[in-house]
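Student: I am new to this model and would like to know what the terms used for it rest on. Can we go through them one by one?

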Amino acid sequence: MKKLLLALPILLLWACSQKDVVKIKGNIKHAEGKTLYLDKLHVAKAEVIDSVKIDKNGDFKFKVKSLQPEFYLLRLSDGKLITLLTETNERIELDINGEKMANDYTIKGSKGSLLVKELNDKLTKSKNQLSKIRKELENKKGDPNFSSISQNLLAKYVKVLQDQHEYSAKFIMKNATSLAGYMALYQKLDDKTFTLNENADIQYLKIVASSMKALYPEHEYTKAILANLQKMEKRLENLKISKLIQDKGSNYPEINLPNTNGKEIKLSSLKGKFIVLSFWASQDLNSRKHNRTLRKIYNKYHKMGLEIYQVSVDQDAKLWKKAISEDKLNWINVCNPKTGSGAAARNFNIQQIPSNYLIDKKGDIVGKNLFGIALDEKIAEYIR
């Protein structure tokens, strides 16, 4: 009994040592004398973890400690490589043709790595199709029927792009909880062309970012994608407002909503005034507190040319009107209770309540989401 008890700690120690480890083994043909590296892929760099010299048998083994999903490269010294996506405690087996390494290999024991292979195989196929069409287009330039031929080829070219886009989108929706979705977001058909549109397809970025934030909040790839999402949203907000300004022929999108008496009032009717465009809701505590600040600012600057155009996102007209009465709001207050003033909120990309824009007497937007002393100080810069 004593011997058994003494053995138990050793067995437990051995068992613990087998956890949180990824083991990778396999065979690579046509690579004798070359070095096979295992690189860990970080967001901005690759880190060499281990390496092995390939002998005539072609067998290799790697072991790496891993507490979460990670991207790795199996890389030959001649530059050929395979991307792996590993999970903790996976036992991965590969059979690789070293001459065509990226496309000619089989893998077992790693669901993420199989997804990565699927992604890369599809991308390679699309790239090859596009290259073939470009070459055919170049070869047909001297043909008398080049015009009709080029139209057909261009139609095929667009079809390949559309098919790849559809595939990438479906892949992300199907594999939103895998880091393979992260990889799908940033695949390129060439140096300048992503498989997804960085503006129109931002919803897929949001889906992957949300999933990664929930599952792996401290992962370096999670932090990177959240930072990228924030940057993209800011850029799209600026593009959206710029486009609306261009389309409307003014310095800001138009709003035309009814006041408490049902009379429609346009935001542009205040042209020549300094405007505080405020978005609020009657049942939002912060909005009601901000109303007290707006009352002080209105009393201080109204005679000097300031107007407040306040848009409620309420969907209950009674509550909206009651709040106006209680807070003694004697400036322009408008709302479409049927839609919650949805169009106006979307046009100005309102993400929170309360929100505001400051529009100077020339019609230029000069401030956004300023509150308290910061709001007063900004207005003072323009109204003296």
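Student: Is Ser341 buried or exposed, and how do you know?

Tutor: The model is a predicted one. Ser341 has a relative accessibility of 2%. Buried means under 20%, so Ser341 counts as buried.

Student: Where is Ser341, and what makes its phi worth a remark?

Tutor: Ser341 sits in the loop between strand 13 (332-335) and helix 9. Its phi is positive, about 55°, although Ser341 is not a glycine. Most residues other than glycine have a negative phi.

Student: What makes the bond between Ile353 and Pro354 a cis peptide bond?

Tutor: The omega of the bond joining Ile353 and Pro354 is about 0°, and the bond is cis. Most peptide bonds are trans. Pro354 belongs to the loop between helix 9 (342-347) and strand 14 (355-359).

Student: Which residues does His290 touch, and is His290 buried or exposed?

Tutor: Beyond four places in sequence, His290 touches Ser278, Pro354, Asn356, Leu370, Phe371 and Leu375. Contact here means heavy atoms within 4.5 Å. His290 lies in helix 7 (residues 285-301). Its relative accessibility is 6%, under the 20% limit, so His290 counts as buried.

Student: Why is Glu220 called partly exposed?

Tutor: Glu220, a residue of helix 6, has a relative accessible area of 28%. That value falls between the limits of 20% and 50%, so Glu220 is partly exposed.

Student: What makes the pairing of Glu220 with His42 a polar contact?

Tutor: The side chains of Glu220 and His42 are 2.7 Å apart at this contact. The cut-off for a pair of N or O atoms is 3.5 Å, so the pair at 2.7 Å is within it. Leaving aside neighbours within four places in sequence, Glu220 is in contact with His42 and Val43. Gln283, by comparison, is 63 residues from Glu220 in sequence and 39 Å from it in space, C-alpha to C-alpha.

Student: How many residues are in the largest nonpolar core, and which have the most contacts inside it?

Tutor: The largest nonpolar core holds 27 residues, and Phe71, Leu185 and Ile225 have the most contacts inside it. Among the elements that give it two or more residues are helix 2 (111-139), helix 3 (146-174) and helix 6 (220-248). Helix 5 provides the largest share, 6 residues. Another core, of 21 residues, lies apart from it and includes Ile28 and Leu76.

Student: What does Phe71 touch?

Tutor: Not counting residues up to four places away in sequence, its contacts include Leu41, Thr83, Val116, Met183 and Tyr221.

Student: How do you know what kinds of residue line the largest pocket?

Tutor: The lining has 19 residues, and those nearest the pocket's centre are Leu41, Thr83, Asn120, Met183 and Gln187. They divide into 12 nonpolar, 6 polar and 1 charged across the whole lining. Helix 2 gives the most, with 4 residues. The space in the largest pocket is about 530 Å³.

Methods. Residues are numbered from 1 along each chain as its sequence is written. This is a predicted model: local features need pLDDT of at least 70, side-chain atom pairs count only at pLDDT 80 or more; totals for chains, interfaces and linings use all residues. Side-chain values use heavy atoms; hydrogens and water are left out. A nonpolar core is a set of buried Ala, Val, Leu, Ile, Met, Phe, Trp, Tyr and Cys residues joined through side-chain atoms within 4.5 Å. Buried means under 20% relative accessible area, exposed over 50%, partly exposed in between (1.4 Å probe, protein chains only). On a 1 Å grid over the protein atoms alone, a cavity is a set of points where a 1.4 Å probe fits but cannot get out, and a pocket is an open set with protein on both sides within 12 Å along at least five of seven lines; lining residues have an atom within 4 Å of a point. Grid points are joined across faces, edges and corners, and a volume is the space filled by probe spheres set on the points. Ala, Val, Leu, Ile, Met, Phe, Trp, Tyr, Cys and Pro count as nonpolar, Asp, Glu, Lys and Arg as charged, and the others, Gly among them, as polar. A polar contact is a pair of N or O atoms within 3.5 Å; within protein, one must be able to donate a hydrogen and the other to accept it, and residues adjacent in sequence count only if both atoms are side-chain atoms.
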